[in-house]
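Thank you all for making time this morning.

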Amino acid sequence: MHLIINNINAINDPYAKDFLKVAFSSLLRSVSNSKSGFGNLMINKQPAPKERIFERFSLATARMLRNANDFSKAASNSDVKVLNGDSRNISFIEDNSVDLICTHPPYMAAVPYVEYQRLSLWWLGYDLSYLEDNMIGGRRSRPDTPQRFFRDMNRALLEMKRVLRNKKYCCITIGNPTHRGKMWELNQIIKRYAVDAGFTFIKEIRRGKYHSTMGKMKEEFVLILRKE
Ligand SMILES: C[S@@+](CC[C@H](N)C(=O)[O-])C[C@H]1O[C@@H](n2cnc3c(N)ncnc32)[C@H](O)[C@@H]1O
C-alpha cells in the first residue's frame, strides 16, 4: 500500500491525485486487518489478505472512471459544480443566489465520523485530532458537545439563510440523539434556531427509526423551512 500511495502522492495533477486517493481509500478496509462489518476500526487477529492489491486498485480505479463517465453523460445538459467547503462559512456563494438547499448535517453525538474513517484519514495524511476539533459535532462525548454543535449549526443556518433566494426552501435532515444519558430533541431545537435565523417553519416529516441500529438515535426528521 505504501508503494501505491507514494506513487499517487508524486502525481502533479491535483484532480488525478484526488481521484486515485479515493480509489485507494476504498480498498483499505478489505486489504487491512480491520474487521469488516463495523463502522469503527476494530482490528482482526488474522493477518491482512494482501493478495492482488495492485489488481484490486486498478479495478477500483476503472469502476470509478466508469461511474464518473456515466455521471458526466447524465449531467451533460446541466451546469453541475461540486464545491467543497465548510458550511459555517460559504462566502464563495453569493447572497440570494440559491434555489433549494437540502442538507444532512452531522448527527450530534451519535456518529463518530472521524473514528469511522480513521484508516483512510491516517493513510491520506489528515490530522485526526484537528478534524475532531473542527468538524461540526466532533469530539462527540465531551460535556460541551451540544453547545458546540448548536453554535456551529447556528452559523451554518445563518449562511444558508444568506445564500437562499426569497420564497425558496431549505430541507434539513436531523436526528434526536442521546448524549450522556439525555435525549436531545434536535428537531425542536434546530427548528427554534432556524426561526431565530429568519426562516419560516413550514413542516416536519418524521422518518421513524431510521438509525435505530446506532442505538443512540431513535428518530429522524426532515425540517422544511422557507426564506420569506
Ligand atoms: C450525516 S453526514 C451526511 C452524509 C451525506 N448525506 C452523504 O451521503 O455523504 C454529515 C456530514 O457532514 C460533514 N461535516 C462535518 N462538519 C462539517 C462542516 N463544517 N461543513 C460541512 N460538512 C461538515 C461530516 O463530515 C459528514 O460527512
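Helix α2, which runs over residues 14–31 and so has 18 residues, reaches 25 Å from its first C-alpha to its last, and that is close to the 26 Å expected at 1.5 Å a residue. Please keep in mind throughout that this is a predicted model.

Which residues of α2 are buried? They are L20, A23 and F24, and when we look down the axis of α2 these buried residues fall within an arc of 100 degrees, so they line one face of the helix. That buried set packs against α1, residues 2–9, and against α3, residues 53–74, whereas the face of α2 turned away from its buried side carries P14 and Y15, which are exposed.

Let me turn now to the strands. In strand β1, residues 98–103, the number of buried residues is zero out of six, so this strand lies largely in the open. Strand β1 pairs with strand β2, residues 164–179, in the parallel sense over five bridges, and within that pairing T103 has I172 of β2 as its bridge partner.

Finally, the whole protein. It holds eight helices and five strands, and along the sequence these follow the pattern α-α-α-β-α-α-α-α-β-β-α-β-β. Of its 228 residues, 16% are buried, and the C-alpha trace spans about 55 × 50 × 30 Å along its principal axes. If we take the contacts between residues at least 6 apart in sequence, 65% of them join residues at least 24 apart.

Conventions: Residues are numbered from 1 along each chain as its sequence is written. This is a predicted model: local features need pLDDT of at least 70, side-chain atom pairs count only at pLDDT 80 or more; totals for chains, interfaces and linings use all residues. A residue is buried if 20 or more other C-beta atoms lie within 10 Å of its own, exposed if 12 or fewer, and partly exposed in between; C-beta atoms are placed from the backbone. Helices (H or I, at least four residues) and strands (E, at least two) are DSSP runs, numbered from the N terminus. Two strands pair if DSSP finds at least two bridges between them. Two residues are in contact if their C-beta atoms, placed from the backbone, lie within 7 Å. The expected span of a helix is 1.5 Å times one less than its number of residues. The arc is that of the directions from the helix axis to the C-beta atoms.
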